[in-house]
Amino acid sequence: MSERSEPSSAKKAQFGPLSLRPKQCQICRKTANDLPDRTKLLCCGACRREYYCSKKCQRAAWNQHKTICASNQRVLSALRAHEDPSLASCESMLTKWTKLFRPVLRHALARALELDKTPRRILDAVLIVALSRTSEKAVEKAFIVEAAHVASMDFIRATWNLSEAALANTLEDSRNSLNSGGGGCGLVMVRVTDNGICHVMPFPFSRPVPPPEVGSEESQWEEQLMDAIRMGRISQASTSLLCYCLGLFLVGCIILLFIVGST
Ligand SMILES: [Zn+2]
Ligand SMILES: [Zn+2]
């Protein structure tokens with residue numbers, strides 16, 4: 001896995017990355033499903049990038065969140081200052097897009113870092129996915145993957161001014177998770193090459209990452225990621241399950257034909 005330097009288009013990055021957290025309480029990890037009916041997760045009013053189950057958890061998280069929050073707000077106000085509506089719409093489209101393709105990005109992260117063989121690599125490598133905006137209005141077709149590669153945590157630190165606090169949080173989560181039998185917490189950075197809008201998302205793995213399914217080449221993760229996005233496939237697993245079911249069905253048909261034919 002080579003660690004390439006960023007293409008020259010990275011120079012266009014003028015906003016810095018926004019940190020997007022998964023939609024769950026950042027303290028007790030509850031999701032909306034764990035809350036009583038009609039209660040919603042609270043979200044940070046200043047940056048709207050982090051979620052909490054209650055005021056209590058929100059207060060408990062503030063000490064850690066304030067640095068990331070400030071950096072998120074800087075990026076958001078830089079975006080707004082450009083007074084370019086296409087930037088704002090690209091930003092909100094990217095937020096929807098990353099939510100939709102979360103399972104696909106997660107799968108790519110696990111395969112790119114070969115987390116089944118080298119789980120501790122999650123502590124010093126990240127996955128960078130370069131996207132370009134299409135003219136499509138549908139979220140699932142809004143971006144295509146230009147390239148994806150693995151970079152070192154230090155490279156990310158130096159090139160992208162990632163908030164030290166955001167990294168420290170993720171690394172601590174990661175170490176705790178690995179030490180207690182989990183799979184750690186990895187980072188994926190998605191970057192729109194046309195305008196430099198960039199999101200960094202943590203991906204926690206609650207269990208050790210299993211090896212890839214039989215028949216799927218670990219080395220082909222980049223192609224698989226590109227295909228999944230191009231075809232708007234939201235989950236990697238469901239298609240292989242679909243193929244499996246279809247295969248079973250066909251075998252059944254052939255057996256049936258054979259039985260019918262022989263009587
Ligand atoms: Zn909570
Ligand atoms: Zn915030």
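Me: A residue counts as buried if 20 or more other C-beta atoms lie within 10 Å of its own, exposed if 12 or fewer, and partly exposed in between, with C-beta atoms placed from the backbone. What makes S180 exposed?

Reply: S180 has 7 other C-beta atoms within 10 Å. The cut-off for exposed is 12 or fewer, so S180 is exposed. Its place is in the loop between α5 and β6. A quick note on what you are looking at: this is a predicted model, where local features need pLDDT of at least 70, side-chain atom pairs count only at pLDDT 80 or more, and totals for chains, interfaces and linings use all residues. Residues are numbered from 1 along each chain as its sequence is written, while chains are lettered from A and ligands numbered from 1 in the order in which they are written.

Me: How many helices and strands does the chain have?

Reply: There are 7 helices and 7 strands. Helices (H or I, at least four residues) and strands (E, at least two) are DSSP runs, numbered from the N terminus.

Me: How do you know what span to expect for α5?

Reply: The rule is 1.5 Å times one less than the number of residues. Helix α5 has 16 residues (164–179), so it should span 22 Å; its end C-alpha atoms are 22 Å apart, which agrees.

Me: Which residues of α5 are buried?

Reply: They are A166, N169, T170, S174 and S177. They cover an arc of only 130° around the axis, so they sit on the same side of α5; the arc is taken from the directions from the helix axis to the C-beta atoms. The face turned away from that buried side carries the exposed residues E164, A168, E172, N176 and N179.

Me: What covers the buried residues of α5?

Reply: The cover includes β1, α1, β6 and β7. Two residues are in contact if their C-beta atoms, placed from the backbone, lie within 7 Å.

Me: Why is α3 called roughly antiparallel to α6?

Reply: Helices α3 (102–112) and α6 (221–230) pack at about 175°, with axes 9 Å apart. Axes are lines fitted to C-alpha atoms, for helices over the stretch in contact, and angles run from 0 to 180 degrees between N-to-C directions. Under 35 degrees is roughly parallel, over 145 roughly antiparallel, 65 to 115 roughly perpendicular and the rest oblique. That makes α3 roughly antiparallel to α6.

Me: Which residues of α3 and α6 make the contact?

Reply: V104, A108, R111 and A112 of α3 meet W221, L225, A228 and I229 of α6.
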